[in-house]
Amino acid sequence: MELGICGLPQSGKSTLFRAITGVGSAALVFSGARPSVEMVTLRDPRLERLRDDYRPKKFTPTQFKVLDFPGIDLSGSAKSRAELVANIREADALVVVLRAFTFPGLKPPDPVADLEALRSEFLLSDLAVAEKRVEKLTQQVKRMGSKAAKEDQRELEVLGKALAGLNEGRRVGDVIDPLEEEPLRGFRFFTQKPVVGVVNLAEGEAADGAIADRLAGQVTRLLAAPLKLELDLSELDGAERETFMKEMGVTTLARDALVRAAYEALGLLSFFTVGEDEVRAWTVRGGDHAVTAAGKIHSDIARGFIAAEVVAYDDYARLGGHKGAREKGRLRLEGRNYAVADGDIINFRFSV
Ligand SMILES: Nc1nc2c(ncn2[C@@H]2O[C@H](COP(=O)(O)OP(=O)(O)OP(=O)(O)O)[C@@H](O)[C@H]2O)c(=O)[nH]1
Ligand SMILES: [Mg+2]
């Protein structure tokens, strides 16, 4: 999965990128419309506890790619933005950074108007993509008449519906049912992507409730944090950071919440495997079955699937590990169609 950080120029995107990935400013080199790319770790206190219990040779938390894009300058021509917007389109989920701090040389902050402007930029881009393809497909299907490929007809039908929605200013994600979206996969429509909005606050200022309410309705998840302070804090070491956080009255770092929000907005969840060799987190989609989870580890495990031994992390933690969970009957044996839950600790039984 790839998370794309985007927004208007000078909103604090690179500041956020550095805070969540830990890269220094020297590492940020932009060339044209290309982003900086780094891996980010999904911190999970549950997995850390499992690591402390098992002391494995190898520890593998969830990691994914984060892309820091240059700012989208809406005052320029649409053509000059086209390449940048096309690149952002490749991301699976977006983090839109919205400036709420005042800064010399920049207009007074207006996160509501900025989000509105960005959303319409994305919608218009989807509209252009859909229009172009519908035009081409329509000609093709007409030319072929009754011999037109079934897939083309189907695509045209679904795409036509998406286009009609876009023309009314509606999101593709709101007009197309997930069950029929298959023919649209390749287009990577902006208006089907989950969006995490981040309001970049001035230091020492709380989020404005009325503004937050208006923004929250427009995004999948909304967070607010003073990103510059976040970055400064993330660059301190453990003890120093704690002292400083106490002084500043900050209790948690937004960076961990943000990475998690993006992961959850994508409908993803983690299950864990444990042992002396490795303690590891794996990612599946909400609703995925045990056999799909097994396949993430190795296709052989899915093919030779016998059963999944499952302990929910909460039971593991509450009852004193696997031993306690087993004694209390909380170690379950599940079949291939079991829907994996976030935090499941799983041992797969299989034979090949
Ligand atoms: N006061 C204040 N300044 C901030 C905050 N976040 C970022 N800045 C400043 O705003 C400027 C731009 O920050 P960046 O993170 O580089 O912004 P950006 O969105 O990556 O900018 P572009 O990539 O040029 O579009 C820098 O001078 C930051 O120090 C904040 O929370 N408060
Ligand atoms: Mg930047």
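The buried residues of α8 (227–234) are covered by elements that include α1 (13–21), β6 (195–200), β7 (221–225), α9 (238–248) and α10 (254–265). Contact here means that the C-beta atoms of two residues, placed from the backbone, lie within 7 Å. The model is predicted: local features need pLDDT of at least 70, side-chain atom pairs count only at pLDDT 80 or more, and totals for chains, interfaces and linings use all residues. Residues are numbered from 1 along each chain as its sequence is written, while chains are lettered from A and ligands numbered from 1 in the order in which they are written.

**Overall chain**

- The protein chain has 14 helices and 12 strands; helices (H or I, at least four residues) and strands (E, at least two) are DSSP runs, numbered from the N terminus.
- Along the principal axes, the C-alpha atoms of the protein chain fill a box of roughly 65 × 65 × 35 Å.
- Of the 352 residues in the protein chain, 35% count as buried. A residue is buried if 20 or more other C-beta atoms lie within 10 Å of its own, exposed if 12 or fewer, and partly exposed in between, with C-beta atoms placed from the backbone.
- Among contacts in the protein chain between residues at least 6 apart in sequence, 69% join residues at least 24 apart.

**Helix α8 and its packing with α1**

- Leu227, Leu229, Glu230, Leu231 and Leu233 are the buried residues named in α8.
- The axes of α1 and α8 are 9 Å apart, and the two helices pack at an angle of about 30°. Axes are lines fitted to C-alpha atoms, for helices over the stretch in contact, and angles run from 0 to 180 degrees between N-to-C directions.
- α1 and α8 are therefore roughly parallel to each other, a label for angles under 35 degrees, with over 145 counting as roughly antiparallel, 65 to 115 as roughly perpendicular and the rest as oblique.
- α1 passes α8 in a left-handed crossing. A crossing is left-handed if the near helix is turned anticlockwise from the far one by less than a right angle, and right-handed if clockwise.
- On the α1 side, Thr15, Leu16, Arg18 and Ala19 meet Leu227, Lys228, Glu230, Leu231 and Ser234 of α8.
- By class, this contact of α1 with α8 has 4 nonpolar, 2 polar and 3 charged residues. Ala, Val, Leu, Ile, Met, Phe, Trp, Tyr, Cys and Pro count as nonpolar, Asp, Glu, Lys and Arg as charged, and the others, Gly among them, as polar.

**Ligand 1**

- Ligand 1 is surrounded by 17 residues, of which Gly12, Lys13, Ser14, Thr15 and Gly71 are the closest. A residue belongs to this shell if its C-beta atom, placed from the backbone, lies within 6 Å of the molecule.
- The elements giving two or more residues to the shell are α1 and α8.
- α1 gives the most to the shell around ligand 1, with 3 residues.
- The shell around ligand 1 comprises 7 nonpolar, 7 polar and 3 charged residues.

**Helix α4 and its partners**

- Helix α4 (residues 111–144) packs with helix α7 (residues 209–216) at an angle of about 10°, with their axes 10 Å apart.
- α4 and α7 are therefore roughly parallel to each other.
- Pro111, Val112 and Leu115 of α4 make the contact with Ile211, Arg214 and Leu215 of α7.
- The contact of α4 with α7 has 5 nonpolar, no polar and 1 charged residues.
- α4 and helix α5 (residues 150–167) cross at roughly 145°, their axes coming within 9 Å.
- The crossing of α4 and α5 is left-handed.
- Residues of α4 in this contact include Leu123, Leu127, Ala130, Val134 and Leu137, and those of α5 include Leu156, Leu159, Gly160 and Leu163.
- The contact of α4 with α5 has 11 nonpolar, 5 polar and 5 charged residues.

**Positive phi in loops**

- Most residues other than glycine have a negative phi.
- Gln10, which is not a glycine, has a positive phi of about 60°.
- Gln10 lies in the loop between β1 (2–7) and α1, and counts as partly exposed, with 14 C-beta neighbours inside 10 Å.
- Arg55, also a residue other than glycine, has a positive phi near 40°.
- Arg55 sits in the loop between α2 (45–54) and β3 (58–60), and is exposed, with 9 other C-beta atoms within 10 Å.

**Ser299**

- Ser299 lies in helix α12 (residues 299–303).
- Ser299 is exposed, with 11 other C-beta atoms within 10 Å.
- The C-alpha atoms of Ser299 and Val23 are separated by 35 Å, the two residues being 276 residues apart along the chain.
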